[in-house]
Each structure stands twice: as C-alpha cells, then as structure tokens.
Amino acid sequence: MMAIAFVVLFAASSLRHNLFQSTAFELGIYDQVVYLISRGEPPISSFLNIHHMGNHAAWAVYPLGILYWIYPSVYWLFLVQAISLAAGVWPTWGLARLAGLDRRVSAAVAAAYLLYPVVFNINLFDFHPEVMAGPALLAAILAARCDRTLWFTVAIIWILGCKDALSLTVIGMGFWLYFCEKKRRCGAIALFLGTVWFAIAVGVIIPYFKEGGGPGGVGRYTYLGDSIPEIIINLVFKPKRVLERVFSPDSLEYLALVFSPVIFWLSPRHLSPLVATVPVLAKNMLSDIQAQRDLIHQYSVPIVPFLMVAIIATLAEGKGYLGKYLWVWFWRDRSIQCIGSFNYNLHKLIVVWSLIGFVSLAKFGYFWSIYLEEIDTWSASGNAVARVYPDGSVLTTANLAPHLTHRRAIEFTNSDAKIPDLTQFDQVLLNLRHPGWRSSREFANFLFENLQNSDDFEIQYSQDDVYLFKKIY
C-alpha cells in the first residue's frame with residue numbers, strides 16, 4: 001500500500017510540475033532555499049527577500065541540502081513529500097493493530113488515511129515542510145502508547161523543526177496525552193518542548209532573521225490584534241469576535257469538509273484525540289484567509305493523524321458510531337445476523353466510503369481541466385526554459401519560476417507589487433497568453449513593450465507568445 005501510494009503521489013506531483021502548474025509560492029521558495037543550502041550559501045529566498053529561518057523557522061529543511069549536494073533537482077522535494085505522505089500508512093496500521101483491530105480492518109483504516117483528500121491534494125500543491133511531520137505525528141502517538149519515551153521525544157523534535165506553527169499542534173497533543181490518555185511523561189514532554197519552541201521560534205529566531213518582524217501569519221488575524229500577545233489577550237476578552245468566526249457559514253462548511261470523509265467511523269465517546277487539533281482548527285477558522293478553510297492547502301495536514309486515532313479508538317470499541325446505526329436502520333433489523341454482517345463487511349464499508357470521499361473532494365480532476373490550460377504553450381515554455389543561463393538573475397512568471405530557481409536571484413512577475421527595474425535582470429522570460437499567478441495579460445504586455453523598446457535587451461527566443469529576452473552587455 002505504501003509503495004503504490006508513493007508511486008502515485010510522486011508521479012502526480014512530477015506531472016503537475018512538468019505541465020508548468022507549480023508556482024514560485026511555495027515550490028520555488030523551497031527549491032531555491034535547499035539549492036542554496038547545498039551550495040553552502042545563505043538560504044535567502046529572492047521571492048521573500050528573507051532568510052529561510054525567518055520564514056517559518058523550519059530547520060528540518062536543512063538536511064534536504066544533502067540530496068541537492070548529490071544532485072540538484074526539484075524532484076528531490078517531490079520524492080521526500082511522496083515518501084512522507086505514504087509513510088503515514090505504517091504507524092496508522094501499527095496504531096490500529098495495537099488497539100486490537102484485525103488485519104482487514106487495520107488495512108482499511110490505513111487505506112482511509114491514504115484516501116483522505118488532504119493527503120492527495122497537498123501533494124499537488126507544490127511542497128511544504130509540514131508534510132514531513134505527518135508520519136512523525138502518528139509515530140509519536142504510537143511511541144507514547146508503547147511507552148517509548150526516547151522515540152517519542154525524537155519524533156516531537158523533528159515535528160517542531162518542520163514549521164513554527166506545528167508547536168501549537170505539539171502543545172495540543174501534549175494536553176491530550178497528559179489529561180486524556182494519562183500518558184503523563186510523554187504529555188509533559190510535548191507540552192514543554194512545544195511551548196519552549198514556540199517561544200523561541202516566534203520570539204527570537206524569526207525576529208532575528210526578519211529584522212525584528214514577527215511571523216507572517218499574524219497578518220491574518222488583524223481584527224484580533226497586531227501581535228501574538230495581543231491576539232491571545234483578545235481571544236479571551238473579546239469572545240464575541242471569536243464566536244462570530246467560529247460559527248460563521250465558512251467555518252461550519254470547513255468542519256463539514258474535514259469530518260465528512262470519516263464521519264461514519266467516529267463516535268462522541270472517542271473524540272478526545274481531536275483535543276490536539278483544537279489549535280489548528282481554531283487557527284484555520286479564525287483566519288482571514290479562505291485558503292485555510294479547505295482541503296486543498298497545507299493548513300489541515302496536522303488534523304489528519306488525530307482523525308485516524310479517533311477512528312481507531314471508535315472501531316476498537318465497536319459501538320456507538322454512525323456507520324453501525326445506519327447499517328441497522330437500513331436493514332430494519334436489529335438481529336445478531338445483521339450486526340454480524342456489518343462486522344464482517346466493516347473493512348469494505350470503510351474503504352468504499354473513503355473512496356466516495358476521495359472522488360468527491362480530491363482534486364485529481366485538475367489533470368484534465370485546469371492543469372491543461374497552458375498546454376498550447378507547453379512546448380514553447382520548455383524550449384525557452386532550456387535557453388535560460390544556468391547562472392544570472394531572472395524575471396519570469398510564477399509558473400515558470402520553479403523551473404529556474406537554482407540561482408541566487410530570481411523574481412516573478414507580480415502586478416500587485418512595485419514595477420521591477422528590468423535592468424537588474426540578465427534575462428526575462430514572459431508568457432503573454434498565460435502570464436501566471438498574481439499577474440495579468442495587461443501587465444505581461446506592459447513588460448513586453450518595455451523590453452522590446454529597451455536598448456538594454458534583445459529577444460533571444462520567441463514562439464507561441466512565449467518570449468525570452470537577454471540583457472545586452
């Protein structure tokens with residue numbers, strides 16, 4: 001199951017990239033950063049103009065530089081992401097078996113993890129370090145239940161290194177383990193490490209590398225305050241603002257999306273694992289950014305492991321969940337034979353409902369819809385990319401940028417930002433038909449006319465409205 005999932009996920013992300021559908025945010029950022037790390041240079045993203053540690057304090061990205069040192073390729077990121085997502089099967093299976101589920105149901109729960117829409121969707125959304133924390137969260141829970149304190153601590157440290165915001169998840173996990181699971185030692189470790197790292201990351205590391213600036217996510221909660229302490233205070237003393245967001249149609253729809261793929265296998269008696277997801281759910285529901293309330297982006301990744309644990313706990317008890325009630329109601333029969341039939345077919349029902357959720361919410365249909373929107377310039381874009389110098393500064397579209405990020409200086413055409421000084425670039429690559437994310441045809445044509453009329457540039461390549469200009473020296 002893991003091997004098949006890895007192949008599918010790696011092939012899907014690679015195909016998307018080759019169709020020029022990956023973007024500067026986030027794939028271009030991490031590809032450039034890891035490339036610079038592999039070359040021993042300061043990992044300063046030219047898209048963000050800040051040091052990598054000033055972004056999310058994700059030190060777990062640094063070991064990826066070893067892979068780029070062996071051979072610099074963006075496909076390493078796709079490989080690591082696919083392995084990380086597929087690897088979640090193993091601890092999910094282990095938790096299911098530890099809870100007493102038989103092999104068929106355990107395999108079905110593992111399949112439910114893989115078919116949960118976020119797993120497939122996040123794989124298509126460029127690259128995000130937090131995917132490397134997914135299997136570690138499951139492994140940490142398994143280690144806690146097996147009283148393997150050392151392995152639990154190692155997993156927690158790795159999770160914290162994947163993103164600053166994951167410290168909130170670790171704190172939530174610690175609270176759940178300490179008070180609900182009665183795993184006092186592991187719970188205390190998670191609470192301590194999560195709290196300390198949160199304070200260090202947002203109070204010391206990020207401001208140091210960001211010239212005094214705070215975490216970028218703070219700007220999504222300005223209605224609650226302009227700093228983390230102010231936001232925390234207003235969460236307590238201005239509950240009306242909080243409740244308005246929590247019970248808004250957007251938030252309720254988001255909760256429906258999160259729970260619908262697994263709703264039949266949850267019971268109110270075994271929802272305590274979701275205590276660990278409260279910080280993530282609150283962060284997503286209270287945000288001004290709609291992208292935090294869907295199953296496409298990375299923001300819901302930390303929720304998945306705890307949903308799986310809640311499912312396992314419910315199935316292990318074997319009663320009180322919606323799926324069994326509906327089965328009995330459907331057959332209008334509460335006989336032993338009815339319940340026996342349900343138990344015998346439980347693994348099949350789990351897989352079937354997971355498939356329904358996957359087909360409904362996973363974005364595989366993008367491959368024959370929006371991912372083909374630039375197919376008319378695919379050949380020309382590939383030829384132009386191949387003609388870009390291996391060194392030198394480049395200005396290009398957000399969609400072409402991740403193919404050219406192995407350099408110190410690269411920017412993408414952004415109509416919302418200040419018009420760039422074109423003379424600072426050695427080459428400029430434009431696609432007038434498909435100007436890319438955050439750009440427009442009007443802006444692309446404006447840049448094209450400036451370049452065409454400039455004495456500093458000449459056309460190096462042109463085909464199908466794809467133009468590559470080079471600076472004249």
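A salt bridge (a side-chain nitrogen of Lys or Arg within 4 Å of a carboxyl oxygen of Asp or Glu) is formed between E41 and R408, whose closest N and O atoms are 2.9 Å apart. E41 lies in the loop between α2 and β1 (44–45) and R408 in the loop between β3 and β4 (410–412), so the pair ties together parts that are 367 residues apart in sequence. Helices (H or I, at least four residues) and strands (E, at least two) are DSSP runs, numbered from the N terminus. With a relative accessibility of 23%, E41 counts as partly exposed, whereas R408, at 61%, counts as exposed; buried denotes under 20% relative accessible area, exposed over 50%, and partly exposed the range in between (1.4 Å probe, protein chains only).

The model is predicted, with local features requiring pLDDT of at least 70 and side-chain atom pairs counted only at pLDDT 80 or more, while totals for chains, interfaces and linings use all residues. Residues are numbered from 1 along each chain as its sequence is written, and side-chain values use heavy atoms, with hydrogens and water left out.

In total, the structure holds 10 salt bridges. Side chains of opposite charge can pair when their charged atoms come close. D147 counts as exposed, its relative accessibility being 53%.

The largest nonpolar core comprises 125 residues, and F152, M173 and L315 have the most contacts inside it. Such a core is a set of buried Ala, Val, Leu, Ile, Met, Phe, Trp, Tyr and Cys residues joined through side-chain atoms within 4.5 Å. Helix α2 (residues 24–38) gives the most to this core, contributing 10 residues. With residues up to four places away in sequence not counted, M173 touches L137, A140, I141, F152, I156, A276 and F306, contact meaning heavy atoms within 4.5 Å. A second, separate core of 14 residues includes L422, L430, L447 and L451.

L430 also belongs to one face of strand β5: V428 and L430 on this side and Q427, L429 and N431 on the other are all buried. Thus 5 of the 5 residues of β5 (residues 427–431) are buried. Strands are taken to pair if DSSP finds at least two bridges between them. Strand β3 (residues 394–396) pairs with β5 in the parallel sense over 2 bridges, and L395 stands opposite V428 in β5. The pairing of β5 with β7 is antiparallel and extends over 5 bridges; in this case V428 stands opposite F469 in β7. Strand β7 (residues 466–471) is also joined by 6 bridges to strand β6 (residues 457–463), the two running antiparallel. S462 stands opposite Y467 in β7. The hairpin of β6 and β7 has 2 residues between the strands, and D464 takes a positive phi near 50°.
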